[in-house]
Amino acid sequence: MAVFIINRLMQAAGAILVMSVLVFVALFLIGDPTAMMISPQATEAERDALRVAFGLDRPLWTQYASFLAHAASGDFGRSFLTGQPALQLILQRLPATLELVIVAMTLAVVVGVPLGILAGLRPKAVSSKAIMTGSILGFSLPNFWIGLMLILLFAVYLGVLPASGRGDTVAIGSLKLSVLTLDGWRHLALPALTLGLAKAALIIRVTRAATREILPMDYIKFARAKGLAPSRVLRVHLLKNIMIPIVTVTGLEFGQAVAFAVVTESVFSWPGMGKLLIDSIVTLDRPVVVAYLILVLGFLVVLNLLIDIAYMALDPSARETVKS
Amino acid sequence: MGESGSGKSITGFSILGLVDPPGRIVEGSIDFEGRDLVGMSEEERRALRGNRIAMIFQDPSMTLNPVLRIDTQMIETVLAHRSIPEAQARRIARDALEKVGIPSPDERLKAYPYELSGGMRQRVAIAIALLNQPRLIIADEPTTALDVSIQGQILHEVRTLCRQTGTALIWITHDLAVVAGLADRIAVMYAGRIVETGTTAEIIERPLHPYTRGLIASVPSRATRGHRLKPIRGMTPSLIHLPKGCAFKDRCDRTIAACDEAPPSTVLPGGRTLRCWNPAP
C-alpha cells in the first residue's frame with residue numbers, strides 16, 4: 001500500500017513538472033504581460049525598464065529555472081496586477097469554490113443515485129423514461145444557459161433568490177464560509193443547483209448503467225434465493241457493487257468541478273477560483289495562471305489517489321492487485 | 001435430467017418463485033409440504049426461500065457477492081429467517097462451513113469470495129443452503145463448473161449431508177453418470193416437459209421413452225466399446241417453434257400417427273410416469 005502511494009506520488013511529481021513547462025511556454029507565446037500593466041502611451045524605454053524589473057528580459061529557460069527554484073519552496077511569484085503572492089490569492093478563493101462544489105456534488109449524488117437505481121430497476125417504466133429524458137437535458141443543455149434561466153426564474157420573475165455573490169459569510173480562522181448563514185445558503189442555492197443538475201444527470205446515467213449490469217448477476221438471484229428481504233438485496237448486494245463506478249465518476253467530476261467551475265462561477269459572479277482563473281487569463285497575469293494550473297493539477301492527482309484508495313475499500317479484489 | 005434448454009433450471013426457479021420477468025407461472029400447481037406454492041404471496045414465498053427450500057447454483061464464481069465477506073453472506077441468510085442474536089448466527093454459519101468440509105472455518109468466514117477456489121466457493125454455497133436446515137435443496141448443476149476430482153467430493157458430501165438430515169434433493173443435471181450414482185428417482189425433461197419419471201434403476205435399465213433411450217445409448221460404456229456411439233439425430237427444437245404434437249417426434253425413430261397429438265402424462269403401474277404414445281418395449 002505504502003509503495004503504491006509513493007509510486008503514484010512520484011508519477012504525480014513528473015506530471016506536474018511536465019505541466020509546468022507546458023504552461024510556462026504557452027503563456028510566454030501568448031503575449032507580453034507588460035502591455036496590460038502599463039499605459040498605452042508609455043515609451044519603449046519605460047516598457048523595457050518594466051520588463052527588466054520583472055525579469056521578463058531574461059531568456060525563457062532562466063525564467064523557468066528561477067520560477068522552479070522558488071516554486072519548490074512554495075513561492076509561485078506575485079500577481080502582476082495586485083502584487084499579492086499568487087498562492088495566497090488562489091487559496092483565498094479556494095473555500096468559496098470548495099463550498100459551491102461540495103454542495104453541488106452532494107445534491108448530485110443525493111438526487112442522482114436513487115433516480116439512477118430507480119431507472120435501472122424498471123427500465124421500461126414511464127417514470128424511468130422520464131428520468132432518462134431529464135438526464136439527457138441535464139447534461140446536454142449548456143451550463144451557462146441553465147444558470148441564466150434559473151436567474152431569470154428565481155431572481156428576476158419570482159425575486160426570491162439573489163443572482164450573484166456569496167452573501168454573508170462566517171469566518172472560522174481565515175476561512176470564510178457561506179454555508180453557515182441563511183443568506184449564504186440563499187446565495188449558494190442557484191449556482192449549486194446549476195452545477196449540481198449537470199452532475200446529477202451524469203450520475204443518474206452511471207448509476208442506471210451499473211444497476212442494469214449488476215441486476216442480472218447470479219449473486220443477486222442467489223441473494224433472493226436465500227430469502228433476503230428485497231430492501232436488503234437492494235441496499236447491500238446491489239448498492240455495494242454499483243458504488244464502485246459511482247464513486248469513481250463522482251470523484252472525477254468533483255475534481256473537474258473544483259478545477260474548472262469557471263462557467264458557473266462567472267454566471268453567478270461567485271468569487272471562487274474559476275472566476276480568478278478567467279480574470280487572470282484575460283489580464284495575462286502569468287504568475288497566477290501558472291500557479292493555479294499547477295495547484296489544480298496537484299489537487300487532481302491527489303484526488304485520483306484518494307479515489308483509488310476508496311476503490312480499494314469498496315472492491316476487495318482490487319486490494320489484492322495492489323498487494324501483489 | 002435433460003439437455004441444455006430442456007427447462008430444468010427454470011423448473012427449479014419456478015419452485016422458488018424466482019422466474020425473471022417477462023417469465024411467469026401461467027398455470028398448474030407446485031405442492032410443497034401440503035401447500036401450493038403457486039398461489040402464495042411474495043412474502044410467504046420469501047419466508048420459504050433459503051429456509052425450507054434452498055438452492056445451489058451452477059457457477060460458484062458468480063454465486064457469491066464479490067464485495068461482501070463470507071460471514072456477511074452467511075449470517076444474513078440465518079437472520080432473514082430467525083430472530084436470534086448475531087453471535088449465534090455466526091456460530092451457525094461457522095458450523096455449516098465445518099460440516100461441508102472447509103478447513104479452518106473461522107478464517108474462511110472473514111474471507112472474500114475471490115480468496116477461495118471454485119470448489120471452496122461451491123462448498124460455501126452449499127453451506128449457505130444448509131444454514132436453515134431446509135426440507136428441500138434444489139441443486140442446479142452445482143458440479144458442472146468444477147474439476148472432476150472436486151465434483152466427486154462435492155457429490156459425495158451433499159448426498160451424505162442430505163441423508164443425515166433427511167433433506168430432499170432435486171439435482172438438476174445433464175450428466176447421466178452423476179444421476180446414476182446419486183439419485184433415487186429420475187425425471188427426464190425434454191423441450192420444457194417431463195417426459196418420463198421412475199426410479200433410477202428403472203430409468204437406466206429399462207428406459208421407456210425413446211428420448212431417454214437415445215440419451216442412454218449415446219453414453220459411451222464398456223458394453224459399447226469398439227462400436228460407434230448412437231447420437232440422437234437432429235437438434236433440440238427451439239422452444240418458440242415447437243413441432244405440433246409430441247415435441248420429440250421429428251427426432252424419434254418410433255413415430256406413429258398418434259404423435260401428431262401431444263401425448264398426456266400417464267401413470268404406469270409401479271408409479272412410473274410417461275409421456276409417449278409409442279414407448280419402447
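Mentor: Happy to! Ring pairs join Phe24(A), Tyr64(A), Phe67(A) and Phe76(A) into a cluster. Keep in mind that this is a predicted model.

Trainee: How many aromatic pairs are there over all chains?

Mentor: A pair of aromatic rings is described by the distance of the centres and the angle of the planes. Searching the whole structure over all chains gives a total of 11 aromatic pairs.

Trainee: Tyr112(B) and Tyr114(B) form an aromatic pair; is it stacked or edge-to-face?

Mentor: Their ring centres are 6.4 Å apart, and the angle between the planes is 20 degrees. Planes under 30 degrees apart count as stacked. So the pair of Tyr112(B) and Tyr114(B) is stacked.

Trainee: Which of those two tyrosines is buried, and which is partly exposed?

Mentor: Buried means under 20% relative accessible area. Tyr114(B) has 26%, so it counts as partly exposed. Tyr112(B) has 16%, so the buried one is Tyr112(B).

Trainee: What kind of pair do Tyr190(B) and Phe248(B) make?

Mentor: The two ring centres are 5.0 Å apart. Because their planes stand at 80 degrees, the pair is edge-to-face.

Trainee: How many residues apart in sequence are the parts that this pair ties together?

Mentor: Tyr190(B) belongs to strand β6 of chain B, residues 185–190. Phe248(B) sits in the loop between α11 (210–217) and β8 (266–267) of chain B. Tyr190(B) is buried at 2% relative accessible area, and Phe248(B) is buried at 3%. The pair therefore ties together parts whose separation in sequence is 58 residues.

Trainee: Which elements do the buried residues of α11(B) pack against?

Mentor: Those buried residues are Pro210(B), Tyr211(B), Thr212(B), Gly214(B) and Leu215(B). In chain B, they pack against α9 (176–182), β6, β7 (193–199) and α10 (200–205).

Trainee: How far apart do the C-alpha centres of the two domains of chain B lie?

Mentor: The domain assignment of chain B gives domain 1 as 8–183 and domain 2 as 205–281. Between the C-alpha centres of domain 1 and domain 2 of chain B, the distance is 32 Å.

Trainee: Which residues are closest to the centre of the second largest pocket?

Mentor: This pocket has a volume of about 1,000 Å³, and 28 residues line it. Elements that each supply at least two lining residues are α5 (86–121), α9 (218–225) and α10 (230–259) of chain A, together with α2 (42–48) of chain B. The residues closest to the pocket centre are Leu121(A), Leu215(A), Arg224(A), Asp20(B) and Pro21(B).

Trainee: What kind of peptide bond joins Pro21(B) and Pro22(B)?

Mentor: Most peptide bonds are trans, which makes the angle worth a look. Pro22(B) is in the loop between α1 (8–16) and β1 (31–32) of chain B. With omega at about 10 degrees, the bond joining Pro21(B) and Pro22(B) is cis.

Trainee: Is Gln133(B) buried or exposed?

Mentor: Gln133(B) is found in the loop between α7 (118–130) and β4 (136–140) of chain B. Its phi is near 45 degrees, a positive value in a residue other than glycine. Because its relative accessibility is 52%, Gln133(B) counts as exposed.

Trainee: Which residue lies over the face of Phe13(B)?

Mentor: Look 3.7 Å from the ring centre of Phe13(B). The residue lying over that face is Lys221(A).

Definitions and conventions: Residues are numbered from 1 along each chain as its sequence is written. Chains are lettered from A and ligands numbered from 1 in the order in which they are written. This is a predicted model: local features need pLDDT of at least 70, side-chain atom pairs count only at pLDDT 80 or more; totals for chains, interfaces and linings use all residues. Side-chain values use heavy atoms; hydrogens and water are left out. Rings of Phe, Tyr and Trp (its six-membered ring) pair if their centres lie within 6.5 Å; planes under 30 degrees apart count as stacked, over 60 as edge-to-face and the rest as tilted. Buried means under 20% relative accessible area, exposed over 50%, partly exposed in between (1.4 Å probe, protein chains only). Helices (H or I, at least four residues) and strands (E, at least two) are DSSP runs, numbered from the N terminus. A charge sits over a ring if NZ of Lys or CZ of Arg is within 6 Å of the ring centre and within 35 degrees of the ring normal. Domain bounds come from an automatic or database domain assignment. Contact means heavy atoms within 4.5 Å. On a 1 Å grid over the protein atoms alone, a cavity is a set of points where a 1.4 Å probe fits but cannot get out, and a pocket is an open set with protein on both sides within 12 Å along at least five of seven lines; lining residues have an atom within 4 Å of a point. Grid points are joined across faces, edges and corners, and a volume is the space filled by probe spheres set on the points.
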